[in-house]
Amino acid sequence: MTLDLGAIAGEAWAVARRDRAILVPLAAVFLFLPTLALLLFVPAPPTPPRAGQGNAETMLFIDAYRRWISDYGVHFLVTSIVAAFGGVSIMALYLDRGSATLGDAMARALVLLPRYLLASVMVMVPAIIGLLMLVVPGLYVLGRAMLVGPVLVAERPGSAVAAIVKALSLSHRRGWVLAGVATIALVAQQMLPAPLLAIDDALHRMRAANQLVIIIVDAGAAALTAAVALGLMLFRIALYRRLA
């Protein structure tokens, strides 16, 4: 079956418009606020050395990055868990047969969250390795594994491994198409907030920068990031409904 990505995106957009009274508050609490907190309170990680620089610069970067992880790694872990809970809650609202209300969906998400986090780590490790080495393999992994979350919520497999196996079977022979979707999502996540993040960086370098302006700029960047995350989540839900 040929995937009609336009139709799937249209379904996701229709759901977003129809249920915006529920989705906007959910996205605000679980996607927007954690991102805004990171932008306001966690400094950017150290910049890697340019290609061709010596071992001394590389070791300085590694040391600085270790200190940054030690100081702020917990912040990223907590915000990632909060965002994951919000994402699973949204998927449960649309895919879990036992979730008739938002409260039901959130209760179900709490049960599924450990399994979802484990599956996410199992997917992201090879994806990050692929992105760092040759880019394309990482995008292919992300595309093939795009339905892990929906499978975990809708079909309730007994383990994270079973969810990944089923997601891979659903995306069989569609890997490159879905890799393209993953590429668009990654580019959107990086490019849309980039101008605001550049302004944020410039403002932080100014000793007399107005804190209200920084908050407004960071809020705009966080809102764009949350919107992309919500859009991709609704696309994954619509895609699963087409392929399941």
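Select Asp218 and its surroundings. Leaving aside neighbours within four places in sequence, Asp218 is in contact with Leu36, Leu39, Leu40, Asp200 and His204. Contact here means heavy atoms within 4.5 Å. Asp218 sits in helix H10, residues 211–243. Helices (H or I, at least four residues) and strands (E, at least two) are DSSP runs, numbered from the N terminus. Is Asp218 buried or exposed? Asp218 is buried, with a relative accessible area of 0%. The cut-offs are these: buried is under 20% relative accessible area, exposed is over 50%, and partly exposed is in between, with a 1.4 Å probe and protein chains only.

A note on what is on screen. This is a predicted model, where local features need pLDDT of at least 70 and side-chain atom pairs count only at pLDDT 80 or more, while totals for chains, interfaces and linings use all residues. Residues are numbered from 1 along each chain as its sequence is written, and side-chain values use heavy atoms, with hydrogens and water left out.

**Stay on H10**

Select Gly220, also in helix H10. At 23% relative accessibility, Gly220 counts as partly exposed. Gly220 and Phe32 are 188 residues apart in sequence, yet their C-alpha atoms are 9.6 Å apart in space.

**Zoom out**

Show the whole protein chain as a cartoon. It has ten helices and zero strands. Along the sequence the pattern reads α-α-α-α-α-α-α-α-α-α. The radius of gyration is 19 Å, close to the 18 Å that the globule rule gives for 244 residues, so the chain is as compact as a globular protein of that length. That radius is taken over C-alpha atoms, and the rule is 2.2 Å times the number of residues to the power 0.38. Along its principal axes, the C-alpha trace spans about 55 × 40 × 35 Å. Of the 244 residues, 38% count as buried. Of the contacts with a separation of 6 or more, 73% are between residues 24 or more positions apart.

**The core**

Next, colour the largest nonpolar core, which has 56 residues. Such a core is a set of buried Ala, Val, Leu, Ile, Met, Phe, Trp, Tyr and Cys residues joined through side-chain atoms within 4.5 Å. Which residues touch the most other members? They are Ile90, Tyr94, Leu147, Val148, Leu234 and Leu239. At least two core residues come from each of H1 (5–18), H2 (20–41), H3 (55–95), H4 (102–133), H6 (148–155), H7 (160–170), H8 and H10. H10 gives the largest share, eleven residues. In soluble globular proteins, nonpolar side chains tend to be buried together.

Pick Tyr94 from that set. Beyond its neighbours within four places in sequence, Tyr94 is in contact with Val15, Arg18, Asp19, Leu23, Leu234, Ile237 and Arg241.

**Where H5 crosses H8**

Select residues 136–144 for H5 and 175–191 for H8. Their axes come within 7 Å and cross at roughly 105°. That makes H5 roughly perpendicular to H8, a label used for angles of 65 to 115 degrees, with under 35 roughly parallel, over 145 roughly antiparallel and the rest oblique. Axes are lines fitted to C-alpha atoms, for helices over the stretch in contact, and angles run from 0 to 180 degrees between N-to-C directions.

Show the side chains. From H5, Val136, Leu139, Tyr140, Leu142, Gly143 and Arg144 meet Gly175, Trp176, Leu178, Ala179, Ala182, Thr183 and Leu186 of H8. By class, this contact has nine nonpolar, three polar and one charged residues.

Keep H5 selected. Its buried residues are Gly138, Leu139, Leu142, Gly143 and Arg144. They pack against H4, H7 and H8.

**Two loop stops**

Go to Val135, in the loop between H4 and H5. Val135 has a positive phi of about 70°, although it is not a glycine. At 43% relative accessibility, Val135 is partly exposed.

Then move to Arg173, in the loop between H7 and H8. Its phi is also positive, near 65°, in a residue other than glycine. Arg173 is exposed, at 79% relative accessibility.

Select Gly87 in helix H3. Gly87 is buried, with a relative accessible area of 4%. Its C-alpha atom is 29 Å from that of Tyr65, 22 residues away along the chain.

Last, select Gly10 in helix H1. At 35% relative accessibility, Gly10 is partly exposed.

Note on methods
Nonpolar A, V, L, I, M, F, W, Y, C, P; charged D, E, K, R; others polar.
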